[in-house]
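Here are my notes for you on this model. Keep the structure open as you read, and find each residue as it comes up.

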Amino acid sequence: MSEDSEKEDYSDGTISDEDESDEDMFMKFVNEDLHQCALLTANSFGDPFFPRTTQILLEYQLGRWVPRLREPRDLYGVSSSGPLSPTRWPYHCEVIDEKVQHIDWTPSCPEPVYIPTGLETEPLYPESKEDTVVYLAEDAYKEPCFVYSRVGGNRTPLKQPMDYCDNTLMFEARFESGNLQKVVKVAEYEYQLTVRPDLFTNKHTQWYYFQVTNMQAGIIYRFTIVNFTKPASLYNRGMRPLFYSEKEAKAHHIGWQRIGDQIKYYRNNPRQDGRHYFSLTWTFQFPHNKDTCYFAHCYPYTYTNLQEYLSGINNDPVRSKFCKIRVLCHTLARNMVYILTITTPLKNSDSRKRKAVILTARVHPGETNSSWIMKGFLDYILGNSSDAQLLRDTFVFKVVPMLNPDGVIVGNYRCSLAGRDLNRNYTSLLKESFPSVWYTRNMVHRLMEKREVILYCDLHGHSRKENIFMYGCDGSHRSKTFYLQQRIFPLMLSKNCPDKFSFLACKFNVQKSREGTGRVVMWKMGIRNSFTMEATFCGSTLGNKRGTHFSTKDLESMGYHFCDSLLDYCDPDRTKYYRCLKELEEMERHIALERVFEDLDTPVIEITLDVESSSRDSDSSESIDSQTYLLKLTSQKKHLKTKKERNSTLASHQNAREGQKVYDRGHLLQRHKESNSDVKDTRPNETDDYMVDYFRRQLPDQGLV
């Protein structure tokens, strides 16, 4: 279904209002103007060359009706009646009939990170034939690549887990988003676990999510996952595994909790293939006997969870008026990729003046924290607050809440069923291999033809850094105005959410290896504010949240703060905008001066050259003589100095620096002031006295008077 019609965005059925009106118009033309159309005779409906169809449209050209084919549709409506489409699995995947469900719950107090004692052990497990295999998933590599899918996966009788009469734990992971390949019992209460790589790959072992039963309360169990591939992990920075007890949920309404003692992430024995892997180990005491419990890397959010959430929107008479759900495309396994259009419906042309905002999530299926941020955003933007109403009146939101449902369903961490990272293939022309990113890029392209897109944000999770932050794109080659302006929204977000969002952790560059990501591709298409938002799997190092894990409510709150910052960014009163721009300018000057004065051996002329050569917007109008002189100086060959020469040079510069610091600092300030003159600034100019006060305040040890 084409997005070119506003009317189409607000239809309810699987067949749009436009389809019905086209058929009515077709019959009207036939009945009233049959004599004008030479092609449509009284018997034309029986003509095999011109059968009756809603795929043919009539256009009146040069006094006659000329038929043409309707444009092909690539968007389909979602029916509000009946259940949504069932999940489809690769045909060889075993899937249990039991549906796994968890309650929503937020701890009354923030959960602290784990503080190592220094006494944590590093279990190493040599291969032994005496060890007991208690769980072994069906071989996931019967085919070298994805072949076809079925509802429910493998239709042969399921291999039942080993039924032990003793106290051996029983494991299961053949459910949606589950991931566990093998479990070996290495001691009475100690288990070695192996997680499954992403399907049709041999890597990306990060996400785990499995069930445990037949436990004894009060016994200290040890679990060790032995085939992680990343050398660095948040588990080394205090992150704890997640635990869920069905008895606790039923009796006390307690959901996912951070648990574990003796937690350690370390390098283990090399495998037979010569590769080194890393292990995560922890100990734990179950609260109940014979319970059904789960462990997970992060709070699960499945494809079924999303479908149930969208079904609730569809069946809500209020929210369904301004949130229209369509199917963007189908995945390799024929699962639906949904797209939401959220805006206040208007029937006049004013709606086309609204600017657009685009949000996407879960291109990496194991980054479940991105779905919780997306849920928080949708909860707020579809709510009844005055700010939510203002946002819907002002913008058209295009939201793709789950870009990689196939990977989510099978429990992958990073890839789709193509065995590839979708977030490196936004430039690909292979629509059949990467449908969700291909159709997303196409949707954005068509949307930009209709209206301005002011912001694109792709939600992710991060496995090695704390807090929440953004990656942007460096616009320095365009102008310094763009270079600073693209940092304003992240800075506003950090001010609105100071205990979770870190502006200092944000980066704004385009690496060659990232050129196929959604962020970079959308930026090159012309979206100035194009971001990836990264949320840690662990927690915060900021403010009141410092040293604690993020809960689902913390993640959901980022959706609200995103909306709040969007209102600030687009506020007609530009006070906050210019205040942030001014702060960014000062920050850039401060950083530039710090970089200059870090090099104690650099003479004044080389400092000046360094500032000019690293300038993000060099002045192309400089004279030829000046350029030739600078080129001559920078092209001179530098010889390595001996230790004696370096010490002598250091001493001489140390004596000369005290007399030159004030002059050099004033000279550099003037250079920076001139280099920044291309920024269009409607605010009052800063005085030299203000800048001197600023640097005296920021750099008290630099001897500035």
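1. Start with the cysteines. This is a predicted model, and the count of disulfides in it comes to zero. What is a disulfide? A disulfide is a covalent bond that links the sulfur atoms of two cysteines. Here a pair counts if the two sulfur atoms lie within 2.5 Å.

2. Is Cys415 buried or exposed? Cys415 is buried, because its relative accessibility is 2% and the cut-off for buried is under 20%. Cys506 has a relative accessible area of 11%, so this residue is buried too.

3. Another cysteine, Cys293, sits in strand S16, which covers residues 293-296. Which way do the residues of this strand point? Cys293 and Phe295 point one way, while Tyr294 and Ala296 point the other way. All of them are buried.

4. Now see what strand S16 pairs with. Strands of a sheet pair through backbone hydrogen bonds, and the pairing can be parallel or antiparallel. Strand S10 (residues 209-213) runs antiparallel to S16, and four bridges join them. Across this pair, Tyr209 stands opposite Ala296.

5. Strand S16 has a further partner in S12 (residues 242-245). This pairing is also antiparallel, over four bridges. Ser245 stands opposite Cys293, and Phe243 stands opposite Phe295.

6. Step back to the sheet. How many strands form it, and in what order? Five strands make an open sheet, ordered S7-S10-S16-S12-S13, with antiparallel pairing. Strands S7 (170-172) and S13 (257-258) stand at the edges. Each of these two has a single partner strand, so one side of each is left without a neighbour in the sheet.

7. Where is Glu534 found? Glu534 lies in strand S24, residues 530-536.

8. Is Glu534 buried or exposed? Glu534 is buried, because its relative accessibility is 9%, under the 20% cut-off. Which residues does Glu534 contact, leaving aside neighbours within four places in sequence? They are His460, Gly461, His462, Asn467, Ile468, Phe469 and Tyr471.

Note on methods. Residues numbered from 1 in each chain as written. Predicted model: local features only at pLDDT ≥ 70, side-chain atom pairs only at ≥ 80, totals over all residues. Heavy atoms only, no water. Buried < 20%, exposed > 50% of the residue type's maximum accessible area, 1.4 Å probe, protein only. Pairing = 2+ DSSP bridges. Contact = heavy atoms within 4.5 Å.
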